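Hello,

Here is the structure you asked for. Please look through it first; my notes follow below.

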Amino acid sequence: MLIASWNVNSIRSRLSQITSWIKHTKPDVLCLQETKVVDKDFPLIPFENLGYTVIMNGQKSYNGVAIISKADCTDIKYGFKGELKISDIVNEFDEQKRIISALINGIRIINIYVPNGSSLNSEKFEYKINWLNKLNEYLIQQEKRGEHTCLLGDFNIAPSNNDIYDPNRFVECIMASKIERETLKRILKNRFIDSFRVFEEFSGHWSWWDYRNNSFMLDRGWRIDLIYVSNNLLPRLKSSVIERDQRGNDQPSDHVPVMINIDYDEVFNEFDDEDEDIFEI
DNA sequence: ATGGCAGAAGCATTCTGA
């Protein structure tokens, strides 16, 4: 089962690139960020024609997330209110459309677009940290159901210096600061594993290159698009790759797709076993 | 310290991203 994530920087601008990539790669699940479109204007037909269903949590101009899936999406949760009691604070955070989740083939897929935060001394940075703390509350609720879980998306955080082309240039800068990394670590607890680092320990692998300063040509990139799997999914993890070539497209997104392969049959069987255990009790 | 490139809104230029 192939599960992918891609910040496309406008789905309408990137539509043909996305459908081409889907035709070539045939992912089972593709999580999108920065779709930049309200739900009623989302281009559904091209994906339905390829045999996929789409769920979305969209917004005009900014943000917006969606999940494109071959299999049915069930128990869909839009925004923080999907897991948290509705309050003024939750409603306020949910004005920005940055999170959508669903059960697909027995796996909980949580697709997130973490705020960028601008710079460490800005109000937006405060929002970023508060948003991540809200995500922590969200995940505490979600964890109670004991689901096999895949938490993925654009994290706007390089988890370590190995994930930045020149870490010395970005000490205590946005996406690289200690406070961001520690906040992320707190959320992951000992529950989630960075799928890419299961297979690759070295630096030099990026998922985002700035549009400016000829960054892609100079290979000045960051790895900020991440796929985390829960501990109970780790034994089924077969690979984790970065689709670097997509950055070389004409008018590309500044991010490329990242993707894991999960041994789906075994997950399915394990779920059957668990159901039987519950029955016996 | 600032802009650099790109997309959306909307029609000149500003806002936002990372």
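In which helix is the place of Glu 48? Glu 48 belongs to helix H2, which covers residues 45-48. Please keep in mind that this is a predicted model. With a relative accessible area of 40%, Glu 48 is partly exposed. From Ile 3, Glu 48 is 45 residues away in sequence, and the C-alpha to C-alpha distance in space is 18 Å.

Next, the strands. Ile 3 stands opposite Val 29 in strand E2. Strand E1 (residues 2-7) and E2 run parallel and are joined by 5 bridges. Between them the chain passes through helix H1 (residues 15-25), and this β-α-β crossover from E1 to E2 is right-handed.

Strand E2 itself spans residues 29-33, and because 5 of its 5 residues are buried, E2 is largely enclosed by the rest of the structure. Buried here means under 20% relative accessible area. Both faces of E2 are covered, with Val 29, Cys 31 and Gln 33 buried on one side and Leu 30 and Leu 32 buried on the other.

E2 also pairs with strand E4 (residues 65-69), in the antiparallel sense and over 5 bridges. Two of the facing positions can be named: Val 29 stands opposite Ser 69, and Leu 30 has Ile 68 as its bridge partner. Like E2, strand E4 can be checked residue by residue. In E4, 5 of the 5 residues are buried, so E4 is largely enclosed by the rest of the structure. On one side of E4 the buried residues are Val 65, Ile 67 and Ser 69, and on the other they are Ala 66 and Ile 68. Strand E3 (residues 53-57) pairs with E4 over 5 bridges, in the antiparallel sense. There, Ile 55 stands opposite Ile 67.

Now the cysteines. The count of disulfides comes to 0. Cys 150 is in no disulfide, and the nearest cysteine sulfur, that of Cys 31, is 7.0 Å away. A disulfide would need the two sulfur atoms within 2.5 Å. Cys 150 is buried, at 0% relative accessibility, while Cys 173 is partly exposed, at 28%.

Then the charged side chains.

- Glu 137 and Lys 134 meet at 3.4 Å, N to O. They are 3 residues apart in helix H4 (residues 123-143), so about one helical turn separates them. Glu 137 is partly exposed at 37% relative accessibility, and Lys 134 is buried at 10%.
- Asp 210 and Arg 212 meet at 3.0 Å, N to O. Asp 210 is buried, with a relative accessible area of 16%, whereas Arg 212 is exposed at 57%.
- Asp 263 and Lys 238 meet at 3.8 Å, N to O. This pair links distant parts of the chain, 25 residues apart: Asp 263 is in the loop between strand E14 (258-262) and helix H7 (264-280), and Lys 238 is in strand E13. Both are partly exposed, Asp 263 at 22% and Lys 238 at 43%.

There is also one network, in which salt bridges with shared partners join Asp 75, Lys 77, Glu 83, Arg 108, Arg 145 and Glu 147.

Last, the surface. Val 198, Phe 199 and Leu 234 form a nonpolar patch there, and together they have about 230 Å² of accessible area. Leu 234 is in the loop between strand E12 (225-230) and strand E13 (237-242). At 30% relative accessibility, Leu 234 counts as partly exposed.

Regards

Technical notes
Residues numbered from 1 in each chain as written. Chains lettered and ligands numbered in written order. Predicted model: local features only at pLDDT ≥ 70, side-chain atom pairs only at ≥ 80, totals over all residues. Heavy atoms only, no water. Buried < 20%, exposed > 50% of the residue type's maximum accessible area, 1.4 Å probe, protein only. Helix = DSSP H or I, 4+ residues; strand = E, 2+ residues; numbered from the N terminus. Pairing = 2+ DSSP bridges. Right-handed = clockwise from strand over helix to strand, strands pointing away. Patch = residues over 30% accessible without salt bridge, like charges linked within 9 Å, V, L, I, M, F, W, Y side chains within 5 Å. Areas by Shrake-Rupley, 256 points an atom, 1.4 Å probe, with all protein chains shown as cover. Salt bridge = Lys/Arg side-chain N within 4 Å of Asp/Glu carboxyl O.
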